[in-house]
Amino acid sequence: MRAAGAAPRAQDGQCHAGVANEIAVRITGFRSRAGQVRVRLFGGSPSTYFDKRQALVRIERPVPNTGTVTICIVAPKPGIYAVDVRHDENGNGKTDRSDGGGASGNPRISLMDMLFSRKPKPGAVQFTVRTGQTVVPVTVMYLSGGSFRPAAAD
């Protein structure tokens, strides 16, 4: 049993009652239940959001066969953060055209944004973590034509 106020020993992706600064990322919109889902947490300067070298936490898990996927992560302390999600649908460990993705705040992203590596505005993706659990919904989007759109309902 963990001492009161102590951080979890590992970021296992599971939700744990009574964990301070826990973020429950609720992911919907999967096009299929194949592959892996990855969640990353970013904090600090908004200019570092979505830079893989700056991720505070990274958790990757197989996509479950049914239901809403909830992956819990623990922020180092209360504050302002952002998360991104990738559905590696073919499970090859690489980002490619078949993958889906999303971010906290569910910002709209165009193909041009991706081509020119434009990130969403910080205000569109930031959320505040307090001492209890913070729920962050993310809808996975997939490339369709010239834009990213949600797939049909789960």
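Are Arg40 and Asp84 buried or exposed? Arg40 is buried, as is Asp84, where buried denotes under 20% relative accessible area, exposed over 50%, and partly exposed the range in between (1.4 Å probe, protein chains only). The structure is a predicted model, in which local features need pLDDT of at least 70 and side-chain atom pairs count only at pLDDT 80 or more, while totals for chains, interfaces and linings use all residues. Residues are numbered from 1 along each chain as its sequence is written, and side-chain values use heavy atoms, with hydrogens and water left out.

Side chains of opposite charge can pair when their charged atoms come close. With a salt bridge taken as a side-chain nitrogen of Lys or Arg within 4 Å of a carboxyl oxygen of Asp or Glu, the model contains 6 salt bridges. One of them joins Arg40 to Asp84, with 2.5 Å between the closest N and O atoms. This pair links distant parts of the chain, 44 residues apart: Arg40 lies in strand S2 (residues 36-43) and Asp84 in strand S5 (residues 79-88). Strands (E, at least two residues) are DSSP runs numbered from the N terminus.

A further salt bridge is formed between the side chains of Arg86 and Asp88, at an N to O distance of 3.7 Å. Arg86 counts as buried because its relative accessibility is 8%; Asp88 counts as buried because its value is 1%. Salt bridges with shared partners join Arg38, Arg40 and Asp84 into one network.

Arg58 and Glu60 also meet through their side chains in a salt bridge, at 2.8 Å from N to O. Glu60 has a relative accessibility of 34% and therefore counts as partly exposed.

How values were computed: Helices (H or I, at least four residues) and strands (E, at least two) are DSSP runs, numbered from the N terminus.
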